[in-house]
Amino acid sequence: MEQISQSKKVWRRFRRSKLAVFGMAVLIFFVLLSIFAPFLTDYDPNRSNLRNRNLPPSREHLFGTDDMGRDVLARTIYGGRISLTVGLVSVGISLGIGVILGALAGFFGGMVDTVIMRIADVFYSFPFMILAITISAIFGPSIYNTMIILGVLSWPGPARLLRAEFLKLKHTDFSLAAATIGAGPARVMFRHILPNAVSPLLVSATLGVASAILSEAGLSFLGLGVPPPAPSWGNMLNRARPLHILATMPWMWLPPGIAIFVVVLSINFVGDGLRDALDPRQVMD
Amino acid sequence: MWRYIVRRILLQGIPVLLGFTFLLYLIITIAPGSPVTHLRGVPELDTSVIAQREAQLGLDQPFIVQYVKWLGRVVRLDLGLSFDSARRPVVTLIGERMPATIILSLSSIILGWGIGIPVGILSARYQYSIFDYVITFFAFVGISIPSFFFGLTLLYVFALKLNVLPAGGFFMAGEAHTFIGYVRYLLLPALTLGLGSIASVARYMRASLLEVLNEDYLRTARAKGLREKIVIYKHALRNALLPILTLMGFMLPSIFSGAVIVENIFTWPGLGSLAIQAVNERNYPVIMGINLMFAVLIFLGSIIADVSYAFADPRIRYE
């Protein structure tokens, strides 16, 4: 009961922020587009049709066609599938690594903490994009490598956050009580402490999805992320880079560009709204 | 102070750089495939030729030998020779590209701080005003818009449609290096790279000033009858600016990351463009050199941020 009323309170506070609600609505819209993509467009996003190249928007092709005669609307919708999936999966990977290492570092302290946090420093203090393009070029760009690279390179964020929470929570009465009645370290860590650290983790994961989508798009834009012909918003922009396309065929690059922007903006609104709604310092009402 | 700097370099800088280069070298060498086959302008080779080329480049040796040799050269400030046919020293290659990247990054930092700080101050002073809401909204836009989309849009509007600024590059051959020329070539890339900094500096500045405005010493300042302007710009601002100084060190990695993409959009002849070319060619010495260079720059940036923090805040003393 307590749990339910708590989440209701959070929801009520979340709803107060107009931007957060707006962001949520936009996100739901894009998720639905991705799920029902095959029912929304008759075009195969990957089939080129050389007779229909570079067509401006028309009734048959609402967003026109690209330089290989593919329907831009279909590619934008299917591109959302790929961008959102890469965003979610890579945040899943970074959370998986970050939660385990952050929990270990915060709970055990000492040598374990020092080693893990020094490694985190190494990852944290280098230009993400340069490492990412290096690793991607060497292992060959693919959608799976993109997810793994983004996930593995961004674990220090959640790890630092969780370590701080564990340092704060490991001396609380409830974790001492759990240890006293015989719960092992793993049980105390993941059954007793972790659930209490979910709120900040949720906010960081939400904002993490936004930056993962941006990074994927950036990598794909450089030709080192999701490889063609599969559509991703980033590689669609990459394809539209020649100056004559940029200058005369804006329908090829505006839709994917606006899609990334709107989705990332919405996720940031939602993350910010969540942060305010979950902030324990806010008055409960 | 000097003791602190030396200790930071010895105890933190060197181990982190060693760990980083070791990991990177390991990743590069365990990857499948040979760099010889990736180099530009190299025709299809049979296996014996590949093996011979690899031996020439020292790639036949075990990873740890290669790494130690590389490290031994780095200590003597030699980053080796590029793998491509010209075989130029990596130090020279980096030296040619570094100024462009530094100019671009510095201008975007100046834009970020120069615009972000005043905007953040005004936003905090007039909290919950229309101006504050507009700024908050645009700060969200600034951190959400992908740099390449923003860059392409600027390119489209100012270079291709209005035709008032060059569409990229950095001085044509024979073009005089005038100040106006610098500004013309620099404006779009620096704005593209700086937008994110403007947005985040404004957000941090606003939050930091709002926090300080609740402090007791400001109530004291007002209570003794100081004018509001002096309270804000002398008493509050000095304290609110301190956390912003440390932000500088944190933002350097993301600025360099952004530079890779921005240089690519505007064909800016900096380290980022060199990096993309090098990774596509699997040019190990160049890849290692660039990564090391960025790592050192970022480390120096964090030291400068910390030291300037100590200068600005008399409560902080590094001994």
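How many residues does the contact take from chain B and from chain A? The contact takes 36 residues from chain B and 32 from chain A, where two residues are in contact if their C-beta atoms, placed from the backbone, lie within 7 Å. On chain B, the side that touches chain A draws at least two residues from each of α1 (2-30), α5 (130-144), α6 (147-161), α9 (228-265), α10 (271-281) and α11 (284-312). This side of chain B has 29 nonpolar, 6 polar and 1 charged residues; Ala, Val, Leu, Ile, Met, Phe, Trp, Tyr, Cys and Pro count as nonpolar, Asp, Glu, Lys and Arg as charged, and the others, Gly among them, as polar.

The model is predicted, with local features requiring pLDDT of at least 70 and side-chain atom pairs counted only at pLDDT 80 or more, whereas totals for chains, interfaces and linings use all residues. Residues are numbered from 1 along each chain as its sequence is written, and chains are lettered from A and ligands numbered from 1 in the order in which they are written.

Chain A contains 14 helices and 0 strands, these elements being DSSP runs numbered from the N terminus (helices, H or I, at least four residues; strands, E, at least two). The C-alpha trace of chain A spans about 75 × 45 × 25 Å along its principal axes. Of the 285 residues in chain A, 47% are buried, a residue being buried if 20 or more other C-beta atoms, placed from the backbone, lie within 10 Å of its own. Among contacts in chain A with a separation of 6 or more, 71% join residues 24 or more positions apart.

Within chain A, helix α2 (residues 18-35) packs against helix α14 (residues 254-278) at an angle of about 135°, with the axes 8 Å apart. Axes are lines fitted to C-alpha atoms, for helices over the stretch in contact, and angles run from 0 to 180 degrees between N-to-C directions. The angle makes α2(A) oblique to α14(A), the class left once angles under 35 degrees (roughly parallel), over 145 (roughly antiparallel) and 65 to 115 (roughly perpendicular) are set aside. Residues of α2(A) including A:L19, A:F22 and A:F30 meet residues of α14(A) including A:V262, A:I267 and A:F269. This contact comprises 12 nonpolar, 3 polar and 1 charged residues.

Helices α5 (residues 110-124) and α8 (residues 156-169) of chain A pack at about 140°, with their axes 10 Å apart. The two helices are therefore oblique to each other. A:A120, A:F123 and A:Y124 of α5(A) form the contact with A:P156, A:A159 and A:R160 of α8(A). These residues divide into 5 nonpolar, no polar and 1 charged.

Technical notes. Buried ≥ 20, exposed ≤ 12 C-beta atoms within 10 Å, placed from the backbone.
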